[in-house]
Amino acid sequence: MTRRVLGALFVVCLWAGAALAGARLEVPQRAGLGEPFLVRIVSDRPFRDVTVHWLEREVRPTVKAGDGGNVAEILLGTDVLEDEPGAREISAVLLDGSETATLRGVVEVRPKEYPVQALTLPPKMVTPPKDELARIARERELNHRILDQASLRRFWTLPLARPVSGPVESVYGAARVLNGQKKNPHRGLDFDAPKGAPVLACATGTVVLVADQYYAGKCVIVDHGNGVQSLYYHLSEAKVREGYRVDRGEVLGLVGSTGRATGPHLHFSLSVQGRLVDPLPLLEE
């Protein structure tokens with residue numbers, strides 16, 4: 001699955017300036033709505049810094065030195081709830097001393113069909129009591145602030161580790177019908193796993209949230225750098241604290257059924273530049 005992201009058909013955009021002649025931006029020609037994709041900025045000559053612009057977001061990917069030049073990689077994508085199909089521009093501004101170069105590319109975001117999933121939940125989890133609305137709003141705002149951050153140092157590598165060994169029982173993008181009411185699409189993966197099973201970090205990073213929230217239950221968010229963050233919901237117990245540095249495959253908590261859950265499972269989401277994308281193409285097989 002990861003090979004579809006790493007091996008996508010690329011469009012190469014050249015810049016013909018002096019110091020950064022031959023620099024190129026490699027982007028996929030197309031991606032489905034909700035799908036993540038990898039973008040590479042490559043130059044035969046070293047460049048010091050690069051800023052990527054995508055869907056009104058700005059991020060500075062880590063630049064690595066290679067043989068005779070530099071390369072920077074960044075994960076981008078769209079959100080099945082927040083975004084629409086259509087042609088979308090990517091630009092990258094490279095800096096080499098006092099000289100800059102701008103590279104541009106276009107990705108065609110295509111519509112994608114997702115399944116419909118009907119669930120029966122306790123009524124308070126579909127229509128929360130009024131005295132819980134302020135709490136839900138605070139938690140939503142807190143999560144948005146965290147996912148809007150893009151720390152500079154990159155720790156993630158592809159493919160990402162699977163957070164649990166169980167199968168996926170609910171896919172990203174599924175149109176949710178809860179107690180007969182149409183709700184927002186599912187923006188993560190639900191893994192079938194027994195209560196108490198260990199939940200593993202998909203990549204190295206820093207724990208930026210450990211909380212007990214109305215919908216997510218006991219949850220952990222890990223920042224992997226360059227705008228990539230992973231979210232782990234419905235835990236029975238968290239095994240880390242905020243500020244902890246965790247390694248890929250390290251235990252973050254245990255599977256549970258806290259928050260809005262019909263039974264023990266792990267809800268796993270991936271945020272890329274503040275957008276919740278489909279994690280499945282990025283996970284190891």
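Visitor: Where is the place of Gly 180?
Guide: This is a predicted model, where local features need pLDDT of at least 70, side-chain atom pairs count only at pLDDT 80 or more, and totals for chains, interfaces and linings use all residues. Numbering runs from 1 along each chain as its sequence is written, and side-chain values use heavy atoms, leaving out hydrogens and water. Strands here are DSSP runs of E, at least two residues, numbered from the N terminus. Gly 180 sits in the loop between β13 and β14 (181-182).

Visitor: Does Gly 180 count as buried or exposed?
Guide: Relative accessible area decides that: under 20% is buried, over 50% exposed, partly exposed in between (1.4 Å probe, protein chains only). Gly 180 comes out at 67%, so this glycine counts as exposed.

Visitor: What separates the C-alpha atoms of Gly 180 and Leu 283?
Guide: Along the chain, Gly 180 and Leu 283 are 103 residues apart.

Visitor: Which residue in β14 stands opposite Val 177?
Guide: Look across from Val 177 into β14. The residue standing there is Lys 182.

Visitor: Which strands stand at the edges of the open sheet of three strands?
Guide: The order is β11-β13-β14, with mixed pairing. Each edge strand has a single partner, so one of its sides has no neighbour in the sheet. Those edge strands are β11 and β14.

Conventions: Helix = DSSP H or I, 4+ residues; strand = E, 2+ residues; numbered from the N terminus. Pairing = 2+ DSSP bridges.
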